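Please look over the sequence and the structure before reading on.

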Amino acid sequence: MSSQNDNPLIRFVAFWWALGVFSLFAVILLALKLLGGGKAESNPLEEAAAAKRYEAAAKVKSAQAANLAYKEVEAGKVVQVPPHDVFPIIGKELVASKGVAVKDPAQIIPGGPAVNTSADADFGAIDKMSPPAGTAPDEAAMAAGKAMFTVCAACHGMDGKGTPMVGPPLAGSEWVDGPVSNLIRIQFRGLTGPIHVGGQELTFAAPMMPVIAAMDDATIANVLTYVRNSFGHSAGPVLPDQVKALRSETGKPPLTEADLIKPTKP
Ligand code: HEC
């Protein structure tokens with residue numbers, strides 16, 4: 001019995017049989033994989049979807065690259081935005097700006113767990129506090145506002161012309177010249193959903209307009225003063241008291257266009 005098991009010829013045949021069966025399985029598996037893989041790659045729906053994603057990504061990338069090129073952030077100071085030397089400017093502004101205390105930090109998250117349900121302030125009365133359009137803004141306020149605007153420029157562009165899919169233009173925007181209460185409320189609550197700017201409907205994928213509720217009244221007033229008196233606008237200054245009067249907006253859900261007072265072009 002054992003001598004038959006040890007027959008070298010049987011061992012030789014068994015070896016090649018085993019190898020043959022194994023290779024056959026390997027070839028079948030490989031063929032299945034090739035067929036299956038080939039099928040998935042040539043799915044026209046998936047290919048179209050992927051092409052769209054690549055196209056969108058390329059658009060955002062090139063728009064941002066254009067936006068983040070070399071810009072003048074202070075008179076005579078040309079830097080790449082955002083470079084390491086823009087951050088000290090923003091840092092200086094943040095340090096100079098007194099943080100605003102909120103009862104619960106979650107309050108500054110629009111629609112967050114500490115949703116603010118307080119009654120609306122009198123927007124009309126706050127808008128009436130605005131000095132007449134064309135009133136020259138304070139030079140120091142403009143300078144501080146311009147430095148602070150570096151934060152906004154990441155999306156709205158240093159020239160205020162906006163970035164496709166990232167931020168709408170401020171240049172030529174009727175919202176910028178319109179009621180001040182809109183602009184201040186946008187800073188406190190963010191803005192989401194389609195918005196009409198300069199006769200065009202613009203839609204953004206996410207509520208990207210950030211909330212800057214933790215900054216003090218003067219800092220918010222300065223950056224809005226800068227926006228209202230740059231990029232072809234001369235709508236006059238925004239007063240820290242107007243910002244203060246709208247603190248009750250902090251923590252309310254993000255605004256949509258319908259929540260704002262429709263600007264009437266003069
Ligand atoms: C992360 C990108 C981003 C940053 C940073 C940003 N914004 Fe916005 N902003 C947006 C988007 C997106 C919208 C449009 C929101 C919507 O309706 O979906 C918007 C809307 C606005 C609007 C109203 C629409 C218009 O074009 O007039 C104003 C005014 C505005 N932002 C001012 C500012 C100011 C001032 C700052 C800096 C303190 C700032 N934004 C920072 C993305 C940004």
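## Terms and overall layout

A helix here is a DSSP run of H or I with at least four residues, a strand is a run of E with at least two, and both are numbered from the N terminus. The model is predicted. With these terms, the chain has 10 helices and 4 strands. Their order along the sequence is α-α-α-β-β-α-α-α-α-α-β-β-α-α.

The chain has 266 residues, and 37% of them are buried.

## The ligand and its pocket

The ligand takes up the space of the largest pocket. Two or more residues of the shell around the ligand come from each of helix H6 (139–156), helix H7 (174–177), helix H8 (180–189) and strand S3 (195–197). H6 contributes the most, giving 4 residues to this shell.

In total, 24 residues surround the ligand, and Cys-152, Cys-155, His-156, Ser-173 and Met-209 are the closest. By type, the shell consists of 19 nonpolar residues and 5 polar ones, with no charged residues.

Ser-173 is one of the closest residues to the ligand, and an N or O atom of the Ser-173 side chain is 2.6 Å from a ligand oxygen atom.

The backbone also takes part in such pairs. At Pro-169, a backbone N or O atom lies 2.6 Å from an oxygen atom of the ligand. At Gly-193, a backbone N or O atom is 2.8 Å from an oxygen atom of the ligand.

## Helix H8

Helix H8 (180–189) is among the elements that give two or more residues to the ligand shell. How many of the residues of H8 are buried? The count is 10 of the 10, so H8 is largely enclosed by the rest of the structure. The buried residues include the nonpolar Val-180, Leu-183, Ile-184, Ile-186 and Phe-188. Ser-181, Asn-182 and Gln-187 are buried too, as are the charged residues Arg-185 and Arg-189.

After H8 comes Gly-190, which has a positive phi, near 75°.

Conventions
Residues are numbered from 1 along each chain as its sequence is written. This is a predicted model: local features need pLDDT of at least 70, side-chain atom pairs count only at pLDDT 80 or more; totals for chains, interfaces and linings use all residues. Side-chain values use heavy atoms; hydrogens and water are left out. A residue is near a molecule or strand if one of its heavy atoms lies within 4 Å of it. A polar contact is a pair of N or O atoms within 3.5 Å; within protein, one must be able to donate a hydrogen and the other to accept it, and residues adjacent in sequence count only if both atoms are side-chain atoms. On a 1 Å grid over the protein atoms alone, a cavity is a set of points where a 1.4 Å probe fits but cannot get out, and a pocket is an open set with protein on both sides within 12 Å along at least five of seven lines; lining residues have an atom within 4 Å of a point. A molecule sits in a cavity or pocket if more than half of its atoms lie within 2 Å of its grid points. Buried means under 20% relative accessible area, exposed over 50%, partly exposed in between (1.4 Å probe, protein chains only).
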